[in-house]
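Biologist: Could you walk me through how to read a two-chain model? I would like the general idea and then the case at hand.

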Amino acid sequence: MTDAPTVDVTLDTKGLLCPMPIVKLAKAMKGMEASQVILMEATDPGAIPDVAAWSKNTGNPVVHQETVDKVMRFWIQKA
Amino acid sequence: MSKIVYVHTGGVNNPERSATPIYLATTAAAMDVEVGIYFTVNGPTLLKKGVPESLIVPKFDGQGAPLRRFIDQALDMGVKFYVCQPSLDLHGLTKDDLIDEVEMIGGAAFNDMALEADQVICF
């Protein structure tokens, strides 16, 4: 995993619970071009395994992630 | 594309069992999985016109949401809803009594769907 890359789209899912963060992520990705990066913020306690599972199945890699004060941030590149 | 079929047997008498298969299906659709929910046994009672709006999916704090919200999320993500005739007969329902987004299939079509799917998950 590298440094946080440049962000094209941001998605705030803080306060939302399963399945909404993943549903909103999937919808946001549909409007993006290949190789663009989305920064998703989440507070759902299941977000880390959920984003990893979503990424594995959709082929859109998580290129960077961090957690600060219970807010998880994921940088995901559209494949 | 991977395929999952959810089988939903819960009905209006068990509101706490009503939404889970629907939101898991929504999540699967968000993961680029082709998803169908087969409502059988008591499942079709959840799809009777008016029920999704009035059935509240309970939450510990009393702030539950109507089932319609979960159904709309699923439909919006492309989840397909299926019922079969015998389970409608069980409850005196016809296709016209159900919300418009439901498709009728028979037992053979369901079994074919199950054979074609990567996973079948039953509730």
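Predicted model: local features only at pLDDT ≥ 70, side-chain atom pairs only at ≥ 80, totals over all residues.

Biologist: Which residues of helix α1 in chain A are buried?

Modeller: A residue is buried if 20 or more other C-beta atoms, placed from the backbone, lie within 10 Å of its own. In α1(A), residues 20-30, that holds for P21(A), I22(A), V23(A), L25(A), A26(A) and M29(A). Their cover includes β1 (9-13), β2 (37-42) and α2 (47-58) of chain A, along with α1 (20-30) and α3 (67-76) of chain B. Helices (H or I, at least four residues) and strands (E, at least two) are DSSP runs, numbered from the N terminus.

Biologist: How do α1(A) and α2(A) cross?

Modeller: Two packed helices are described by the angle between their axes and the distance between the axes. Here the axes come within 10 Å and cross at roughly 35 degrees; axes are lines fitted to C-alpha atoms, for helices over the stretch in contact, and angles run from 0 to 180 degrees between N-to-C directions. P21(A), I22(A) and L25(A) of α1(A) make the contact with A47(A), D50(A) and W54(A) of α2(A). Contact means C-beta atoms, placed from the backbone, within 7 Å.

Biologist: How many residues of chain A are in contact with chain B?

Modeller: Seven residues of chain A are in contact with eight of chain B. On the chain A side, α1 and α2 are the elements giving two or more residues.

Biologist: And in what order do the strands of the open sheet in chain B run?

Modeller: Strands of a sheet pair through backbone hydrogen bonds, either parallel or antiparallel. Two strands count as paired if DSSP finds at least two bridges between them. In chain B, five strands form the order β6-β5-β2-β1-β7, with parallel pairing. The edge strands, each pairing on one side only, are β6 (102-104) and β7 (119-122). β1(B), residues 3-8, pairs with β7(B) over four bridges, and I4(B) stands opposite Q119(B) in β7(B).

Biologist: Which strands does helix α5 of chain B lie across?

Modeller: Helix α5(B), residues 107-116, lies across β1, β2 and β7 of chain B, at about 135 degrees to β1(B). α1(B) lies across β1 and β2 (34-39) of chain B, at about 165 degrees to β2(B).

How values were computed
Residues numbered from 1 in each chain as written. Chains lettered and ligands numbered in written order. Buried ≥ 20, exposed ≤ 12 C-beta atoms within 10 Å, placed from the backbone. Contact = placed C-beta atoms within 7 Å.
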